[in-house]
Amino acid sequence: MYRKYLESIILVFVMLGVFLLMWIMNGGEFFRSANFQSMAFQLPELGILSLAMMVTILTAGINLSIIASANISGIVAAIILTQLIKPETTGLSEALIILLAILAGLSVAAVIGLLNGLLIAVVGVSPILATLGTMILMNGFAIVLTKGYVISGFPEAVLFIGNGIIFGIPMPIIIFAICAAVMALVLNSTPTGINIYMIGSNPIATLFSGVNNRTVLIRTYLLSGLYAGVAAIIMISRFNSAKADYGESYLLMTVLASVLGGVSAAGGFGKVSGLVIALIILQIVSSGLNLMRVNNFLTIAIWGMILILVMVVKYLAEQVQRRRAI
Amino acid sequence: MTDVFLSMKNISKRYVGVQALDGVDFEIRKGEIHCLVGENGSGKSTLIKIISGAVAPDDSSEIMIDGQPFQNYQAIDSIHKGIEVIYQDLSLFPNLPVAENIALSQLISEGDRLINWKDTQSIAEKAMARIGVKIPLDALVEEIAIADQQLVAICRALTSDVKLLIMDEPTSSLTKKEVDALFEVVKDMQSHGIATLFVSHKLNEVLQIAERVTVLRDGKIVGTFPSNELDDEKMTMLMTGKKVEYTKYLAEIQGERPLLEVKNLSKRGNFKDISFRIYPGEILGITGLLGSGRTELALALFGVNPADSGEILFDGGQVKIRFIQDATRLGISYVPENRLVQGLIMPQPVHKNLILTILSKLLNRLGLIDSHKMQDSVQKWVNELAIKVPSLDSPVQTLSGGNQQRVVLAKWIATAPKILILDGPTIGIDVAAKSAIHEIIRNLAKEGIAILLISDEVPEVFQNCNRILVMHKGRFIAEYDAAQTSIEEIQNLINLSS
Amino acid sequence: MKKFFSRHEAYVLMVIVILSIIITLINPSFFTLENLFDLFKSYSYLGIFAIGVLFVLISGGIDISFSAIATVAMYAMAVYLIRFGGNIFLTFLIPAVIGIGLGMINASIIYFFNIPSIITTIATLNIYYGILVVLSGGKWLYGLPDWFRQFAELRAFTLTNAEGGQYGLSIITVMWFVILLIAWLILHYTLLGRGIYAMGGSPPSAKRAGFNILFQQMFVYAFMGLMAGIAGMVHAMLVQTVAPNAIVGKELDVIAAVVLGGASLTGGTGTIFGTILGIALIAILSNGMTLMRIPSFWYNVIIGLVVIISVSFSVYRRRQREKQTILVEVE
């Protein structure tokens, strides 16, 4: 009966365990509020990107283009910000331009999502290939727009998005919380959400049940793209810059977070709550490793090992369950 | 030297909580054509797995092949002794040419690391010559028809010195012509001394081809009978242990105007000049062989397979059905023949499957799904259709066939359809559950729903329908009034026309 | 003949021909032996990667860790050669052994723990690369032995151009051709090769037919690793230095090329000829852009568009073919 919650319970235990481990390995340093704060600032980018990845995996697809989408969205917004805002631009115009930049960035991300959705749902290209193609294409546009340079120098208001604090809570966390809540709402309480899960398990049966697969899939990739765009805004704000090939290792981590959070690689199953706990676990590990001054590249290697470890554990758990059933 | 090829005595197999086979004695004579029948769960597939050596029987069983006893019978023994199994999926390689599909098993067993196309070709040609079959050797298996794929599987079995060929439900996707051709091949193999064991649920075909029939029920052998001593009714009784009383039912037509009228509906390569009417409260049957276009017609009415030309009038007004949404908007629902793939989402819970069709009706004022409405809806249909399930969260694949079909029915009934198209609604469902489903269908008709019952089982349409349309090669060739015809009359027409 | 034209490769060939004509019209130096030999030479290492990727795709899997395997292999080779000297034999042996080893690690994880190959190789890509960068300190390596450079400059035959400069068919290209031939022989004339196709077409049927699935899986990923090792070595020969980030990042171009050539991500299809065409296509696109003076930062945009259009087209063709199947013999 409680099997439904078993996965979540295991995750919470893992989270506590990992927290303990990092505390032991780092001592008092780990508990400083500065550490928690920096974790709270770093998690949302990865978190929102992971949500973008998760929703596509639920439909038995994948979105390899989320990082590239985020990058190009950030670049577009950055270009608008740096080209249109001059030192003499004041209050209202500046605010409007910032709004324009954000909307432009989000629109670009949405358009990429739409492109993915059309390729996958209407043309029928496999998600790996479609998003691989758009990824390469968007990387290309990013290079064309930036010529390899970094675009930087944004106004205060923009920097607040990624670095500000409201009532003691970092702004990015607030945005992430809203994004997670919206995703959870969509997945659990809207027809589109239920259809996403069902299509992930069996798109033929959903078709025969009157579900408009095309619309659902297009919405899925549109949502995925949009979320990548939101992550982009936070990212450029946090780093006060945008460039073409930022954040490539994030792709691995979004897959890791999804898998760790209970999303089935075959589609049809996975919850936002699981993903959130998984993200917290990953962030704890990341901060802990950072405090121990572990080389960045070694950290990436460790993510790879953790991903394999998680999959192995899942496999063994399944074997045990299967043996019990017989 | 007896004429018994395979002799199995006292075969038992127990899985946790289930006695799959219990003290079964079974034998196959050399060169005989033998059929194994039984309901789902009777132990047929377990027996086949034991014969092929894939599964080991529990202790104190005896297996003897060609006079040679085996102590620790393995799959490799069965192959060495000439036993080959063709499973329902045929186990072919769709991306490889016919010649390789036929020859690879032999090439693997010969152990050569290097191969060449010439050898492959000659092995394949030899096999095909044995049964007089000609299929292009370089065609990819995915490009040829299912009936030909079946023949490729048989040729593959013939590349070894096969003495017993076991086929699991070989005719489920074949048209009558193709079935006859297959049976010719089987008889031809018999003349070469090859025995064949069929597992089949198509009782009329069993009677057509088998010399002896073995009936399994609940893991026990009911008996082995010469086929000329059996008929449909007797076999059913042996398989189920019950004498099933079939009641004939005539639904009451509730209206003067037809709810749906179809005029000259045609689709190239699917059906031609289809015209009929159906009234509210009526149960209209469509029967005919596989390949007659029945399902294609149903899918045209449901919007999956839109027609090229012709008229569809719904409640007197002309409509176009080009997408599923057009059909569902009109109130047309379709319960598919392929329950496992088209009807249900197996790994997902029962409650999600049940509401899949009515999600938009469960919304609250904010446009979100109201969980109370959802639970009420689910509970209502579980009760009304008596769906037996340990928990509504259980994946639908854990349900029995009969209960699974109830879920599919419930899903569509929940949409308050005006027309319900049922395509083979009781396929693969045990006899007792069958009549329960028929009861549900009859009750639906009472509520004024027009029901289109498509089935290749003539008794099923005869006992439940007001009128019966016979379809053949894409056209309607006859219409019968159920009150004034008989099962034999309809069956004869179908047999004659093929 | 008709059968050839209905196949995917025919379309790719047509595109290559049309592209070549367009480029030559704009810049005639494209269609010269010197340019083509040069192109073959510089794309050999991607071509060798592609052979390994082809085998993995045919078997029904995918491997994106090969760029990291190549980097580890060529690093190990370079470190050894620079420190201990050596000979041409070792130059092949070290990357080969490392490539096969890392490939077998991939295979073991995929086979024994039933983890999807995309997830496994995303993970091992980062593991191999991460550990390499840490151990190597991210340093570029120079100072490869002289004979290493001399070997790379060997040619099968040498010609002289108008300005008196020398060019010819590089030994590196010859290596690629030899590997292509061996790969083709394996795929068409060995039971192992047919078994790889079978495994990709229907894994359960392959098991039932008696193919040794474990051996075949191991072979496919080990072979990919071997190709990666050799490609890494070739790359070192081409640029005469070894850098950690030289190859990682190119894996998607290679996969795109192999898919462009007709291999399917679902397994069971793909040919050597198609792979050659796929690599040729991206080589020509890149070279063409240079010769037509299109700025290089448009490269990804063009490749991306080519990939999207190409896969859309082949899906469209498949759907058309499916619609042709007649269901009912209507009278």
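This is a predicted model: local features need pLDDT of at least 70, side-chain atom pairs count only at pLDDT 80 or more; totals for chains, interfaces and linings use all residues.

Trainee: In what order do the six strands of the open sheet in chain B stand?

Mentor: The sheet is open and its pairing is mixed. Neighbouring strands are turned against each other by 20° on average, if direction is ignored. Read across the sheet of chain B, the order of the strands is 6-7-8-3-9-10.

Trainee: Which strands of this sheet in chain B stand at the edges?

Mentor: An edge strand has a single partner strand, so one of its sides is left without a neighbour in the sheet. In chain B this holds for the strand of residues 83-86 and for the strand of residues 220-226, which are strand 6 and strand 10.

Trainee: How many bridges join strand 7 of chain B to strand 8 of chain B?

Mentor: Strand 7 covers residues 164-168 and strand 8 covers residues 195-199 of chain B, and the two run parallel. Within this pair, Leu165(B) stands opposite Thr196(B). The number of bridges that join strand 7 to strand 8 of chain B is five.

Trainee: Which helix of chain B packs on the sheet?

Mentor: The helix touches strand 3, strand 6, strand 7, strand 8 and strand 9 of chain B. Its direction makes about 150° with that of strand 7 of chain B. Formed by residues 44-51 of chain B, it is helix 1.

Trainee: Which element gives the largest share of the side of chain C that touches chain B?

Mentor: The contact takes 24 residues from chain C and 27 residues from chain B. On the side of chain C, the residues divide into twelve nonpolar, eight polar and four charged. The elements that give two or more residues to this side are helix 9 and helix 10 of chain C. The largest share, seven residues, comes from helix 9 of chain C.

Trainee: And which helix of chain C gives the most to the side that touches chain A?

Mentor: Here the contact takes 35 residues from chain C and 36 residues from chain A, and the side of chain C divides into 26 nonpolar, eight polar and one charged. Helix 5, helix 6, helix 12 and helix 14 of chain C are the elements that give two or more residues. With 13 residues, the helix that gives the most is helix 14 of chain C.

Trainee: What distance separates the centres of domain 1 and domain 2 of chain B?

Mentor: The domain assignment of chain B gives domain 1 as residues 4-240 and domain 2 as residues 260-497. The contact between them takes seven residues from each domain, and those of domain 1 divide into one nonpolar, four polar and two charged. Taken over C-alpha atoms, the centres are separated by 34 Å.

Trainee: Is the crossing of helix 3 and helix 13 of chain C left-handed or right-handed?

Mentor: The axes of these two helices come within 9 Å and cross at roughly 140°. Among the residues that meet are Leu39(C) and Tyr43(C) in helix 3 and Thr275(C) and Gly278(C) in helix 13, and by class the contact has eight nonpolar, four polar and no charged residues. The crossing of helix 3 of chain C and helix 13 of chain C is right-handed.

Trainee: Is Ile146(B) buried or exposed?

Mentor: Ile146(B) is found in helix 5 of chain B, and, leaving aside its neighbours within four places in sequence, it is in contact with Ser173(B) and Leu174(B). Its count is 12 other C-beta atoms within 10 Å, and a residue with 12 or fewer falls in the class called exposed. Ile146(B) is therefore exposed.

Trainee: What is the phi of Asn240(A)?

Mentor: Most residues other than glycine have a negative phi. Asn240(A) lies in the loop between helix 10 and strand 4 of chain A and is partly exposed, with 16 other C-beta atoms within 10 Å. Although Asn240(A) is not a glycine, its phi is positive, at about 50°.

Technical notes
Residues are numbered from 1 along each chain as its sequence is written. Chains are lettered from A and ligands numbered from 1 in the order in which they are written. Two strands pair if DSSP finds at least two bridges between them. Helices (H or I, at least four residues) and strands (E, at least two) are DSSP runs, numbered from the N terminus. Axes are lines fitted to C-alpha atoms, for helices over the stretch in contact, and angles run from 0 to 180 degrees between N-to-C directions. Two residues are in contact if their C-beta atoms, placed from the backbone, lie within 7 Å. Ala, Val, Leu, Ile, Met, Phe, Trp, Tyr, Cys and Pro count as nonpolar, Asp, Glu, Lys and Arg as charged, and the others, Gly among them, as polar. Domain bounds come from an automatic or database domain assignment. A crossing is left-handed if the near helix is turned anticlockwise from the far one by less than a right angle, and right-handed if clockwise. A residue is buried if 20 or more other C-beta atoms lie within 10 Å of its own, exposed if 12 or fewer, and partly exposed in between; C-beta atoms are placed from the backbone.
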